[in-house]
Amino acid sequence: MGKLWAVIRREYLERVRNKWFIFVTIFGPVFFGAITFLPAAMSVRSMRNARVSDVRVLDATGTGVGERVADRIRAINAPAPGDTSAAARRAPATQVTVETLEMAALAAREEALVADVAAERLTGFLVLDTGTVRTGDARYLGRNASSVGEGNQLEAALRRALISFRLEQIGVDGSIADTVSRFRVDLATERITDKGRAGSGFAGAIFGFILSFTLYMAIILYGQAILRGVLEEKTTRVAEVIVASVKPDVLLAGKVLGVGAVGLTQFFIWIAGGAFFWSQRMSLMSSMGADPAALAAAQSGAASFTFPTITPFTMVALVLFFVLGYTFYASLFAAVGAMVGSQEEANQAVQPVMMLLVSGIIFVQPVMLNPTSGLARTMSLLPFSAPIIMPLRMTAAPVPALEVLGSLGGLVLACLAAIWLSARIYRVGLLMYGKRPSLRELGRWIRQS
Amino acid sequence: MTDLALEIRGVSKRYAAHVAVESLSLAVPKGTVYGLLGPNGAGKTTTIRMILNIIAPDTGAITLLGRPNTDAAVLDRLGYLPEERGLYKKMAVRDVLRFLGELKGVPRGELDHRIDGWLERMSLRTAEKDWSKQKVEELSRGMQQKVQFIGTLLHDPELVILDEPFSGLDPINAQALKDTVVELRQRGKTVIFSTHLMDNAERLCDAVCIIAKGQKVLDGAVAAVKAENAGRTVALGLEGGMSPAVHAVLGDRALVARADDHNRFVEVELAAGADPQQLLQRVLATGARIERFERVQPSLHQIFLQRVGATGVEEGMSGHG
């Protein structure tokens with residue numbers, strides 16, 4: 001027991017004191033935040049900033065709908081009253097012009113405008129023909145035709161114009177038609193489980209996704225750390241001195257536990273840091289010069305984001321999946337480390353283990369979209385994908401307790417098998433130098449020890 | 001039983017393609033320096049790994065200090081220096097030594113005191129420079145060897161096993177190692193080391209075991225081994241070197257089994273039944289002037305060549321170290 005502690009302590013202290021650990025612990029969240037949220041934030045931003053400028057409306061409807069559409073485009077793009085932000089000031093004034101023409105002249109005019117757009121004299125043009133009023137079909141041709149933000153705005157403008165036009169046609173008062181055409185809906189979904197309301201369905205799925213992805217990242221990061229650690233002991237030949245003092249199994253266990261403890265430390269720091277910043281967000285943001293009114297709005301927005309409710313059973317199951325999943329993969333990574341003689345060989349030999357791991361993660365999206373499907377059920381019962389898929393399922397939809405227990409039971413058995421197998425490969429492999437073993441030799445190693 | 005530091009009884013180890021060790025038996029009394037000799041690939045490292053229970057023998061039993069070697073507690077009383085040496089490169093010297101000490105069950109409170117003593121003794125901690133905070137990789141190769149050696153002895157083991165300890169050592173460290181072996185013996189410890197360098201073994205060992213191709217060739221106290229193999233070796237010194245006529249005499253297989261020219265003298269092993277007097281007369285008859293003609297005890301090297309034969313040499317035997 002004392003020796004196991006010595007191994008765990010060495011693994012833990014050497015890694016936690018390492019410069020890289022400190023660097024990753026501090027900058028890891030910044031980096032992950034950047035790669036997850038920046039693209040999303042940027043696309044939202046570009047949608048919000050999208051402004052349709054310099055657009056020609058070709059109106060061949062003969063009803064004057066073209067003017068209505070132009071009005072709506074101008075209205076959507078006009079800065080909100082009182083919006084004095086830099087973005088609003090920078091935005092170019094929207095220039096929408098309407099050309100009214102006969103259907104017969106439309107084709108020729110379209111050709112001419114295409115040439116104008118090609119020569120960059122015009123950004124694009126909207127074509128409204130006689131069918132538009134009846135069916136709502138219209139065409140936009142332009143250099144920015146692939147821009148989702150601008151497309152959405154044109155569509156909204158067109159829809160509002162057509163709705164108000166048709167309402168007025170059937171005798172509705174102009175201002176009422178206008179109000180109706182601006183009506184918007186916003187749907188919030190909430191999950192109901194056996195225990196009743198369980199918070200927003202969206203929040204549950206996000207929480208499950210974060211959980212699965214965190215485990216995946218943890219396995220990759222710490223599994224590789226174990227592999228490198230074993231490989232280091234092998235290549236520096238320090239392994240022989242160590243196994244003359246402790247059983248290889250103890251060394252293996254100490255490594256897995258020590259590196260696991262490093263991971264827990266890192267998570268604890270991240271969670272504690274995250275909680276701290278969340279609790280201090282108001283004072284932090286106002287100290288950075290944020291507008292108090294906007295803050296209050298953000299505050300009420302955040303309050304409406306209900307955290308998914310987690311039962312004690314789910315909580316325990318989630319922790320078990322995390323720990324067992326880590327143990328399963330960590331022992332496999334250790335076995336790979338003991339099999340090979342260099343990092344290059346390790347990169348190859350680790351492929352089968354990585355494929356097991358990735359086979360879980362590639363189904364994250366389908367499972368998230370449909371947590372009750374057969375695929376989701378199967379993948380959450382198979383031991384190698386269960387640690388990733390089951391937590392996702394459990395937070396996205398209720399899962400029968402029997403299935404959770406069955407999955408956990410299978411995972412426990414798989415863990416025992418992985419540890420048994422790895423310990424045997426480890427015991428022989430640690431002192432084997434030279435050629436990487438073939439599958440048959442590997443079989444002999446396992447029988448031998 | 002208990003006066004033996006190590007007893008190996010009928011131990012064999014086979015690998016898929018070959019037999020590494022075959023029914024090997026030997027006994028090492030406490031308080032001796034014991035040499036395990038043999039050419040490379042003879043099975044020395046396999047034997048040592050089996051003694052340390054790093055690998056399990058197919059058959060046979062090994063007793064260490066009166067306990068079976070599968071008893072984990074007995075391993076704490078052993079110090080081991082493997083042939084392939086290495087330490088955690090990124091760790092500080094003191095941390096590596098602490099870890100190795102803890103693995104051998106040295107109480108944590110006592111560790112630093114012992115480490116300091118050893119570092120000072122090996123001049124890794126002096127008034128000017130303390131290497132203990134340095135990372136292992138920042139040390140010179142010679143200093144790393146010293147650290148490894150401290151790690152082997154830090155827990156004051158009763159039995160020290162050194163696999164090819166002299167290989168790769170610079171002369172200063174080789175001297176320090178030899179001094180330490182002698183001192184361990186004086187303190188009543190047992191030292192077992194393997195080597196293919198017969199000169200080292202001859203100088204240091206109380207007893208030896210020669211193995212080749214996984215089998216024991218001979219074993220016993222060095223004096224006894226030499227006495228058993230004595231009486232057939234003659235040192236022959238000639239003024240002005242060897243003439244072709246003398247060369248012809250030494251080539252007579254009826255008289256001489258083997259002649260090893262050491263330049264200043266020739267170590268002659270007589271053929272079975274041959275008489276030294278006859279050799280003396282034949283050499284005088286060539287007209288050579290004899291400086292030295294002496295019946296000598298054979299060196300371990302000679303005994304080795306005699307008993308293991310040329311095949312041992314081909315397999316990597318090197319007697320001149």
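**The A–B interface and salt bridges of a predicted model**

In this predicted model, 25 residues of chain B are in contact (heavy atoms within 4.5 Å) with 22 residues of chain A. Residues are numbered from 1 along each chain as its sequence is written, and chains are lettered from A in the order in which they are written. Local features need pLDDT of at least 70, side-chain atom pairs count only at pLDDT 80 or more, and totals for chains, interfaces and linings use all residues; side-chain values use heavy atoms, with hydrogens and water left out.

The size of an interface is often given as the accessible area lost when the parts come together. Here the two chains, B and A, bury about 2400 Å² between them. This is the accessible area (1.4 Å probe) lost on being put together, summed over both. Carbon and sulfur atoms carry 56% of it.

Five salt bridges cross the interface of chain B and chain A. A salt bridge requires a side-chain nitrogen of Lys or Arg within 4 Å of a carboxyl oxygen of Asp or Glu. One pairs A:Arg237 with B:Glu84, with the closest N and O atoms 3.2 Å apart. On the side of chain B that touches chain A, helix α3 (residues 93-103) of chain B gives the most, with five residues. Helices are DSSP runs (H or I) of at least four residues, and strands are runs (E) of at least two, numbered from the N terminus. A network of salt bridges links A:Glu14 and A:Arg17 with residues of chain B, including B:Arg94, B:Asp95 and B:Arg98.

Over all chains, the count comes to 47 salt bridges. In chain A, A:Glu11 meets A:Lys255 at 2.4 Å, N to O. The pair links helix α1 (residues 2-16) to helix α11 (residues 248-279), 244 residues apart. A:Glu11 is buried at 2% relative accessibility, and A:Lys255 is buried at 1%. Buried means under 20% relative accessible area, exposed over 50%, and partly exposed in between (1.4 Å probe, protein chains only).

In chain B, B:Asp156 forms a salt bridge with B:Arg187, the closest N and O atoms being 2.8 Å apart. B:Asp156 lies in the loop between α5 and β7 and B:Arg187 in the loop between α6 and β8 (190-195), so the pair ties together parts 31 residues apart in sequence. B:Asp156 is partly exposed at 36%, and B:Arg187 is partly exposed at 43%.

Most residues other than glycine have a negative phi. Phi of B:Asp156 is positive, near 50°. B:Glu164 also has a positive phi, of about 45°. B:Glu164 is found in the loop between β7 and α6 (171-186) of chain B and is buried at 4% relative accessibility.
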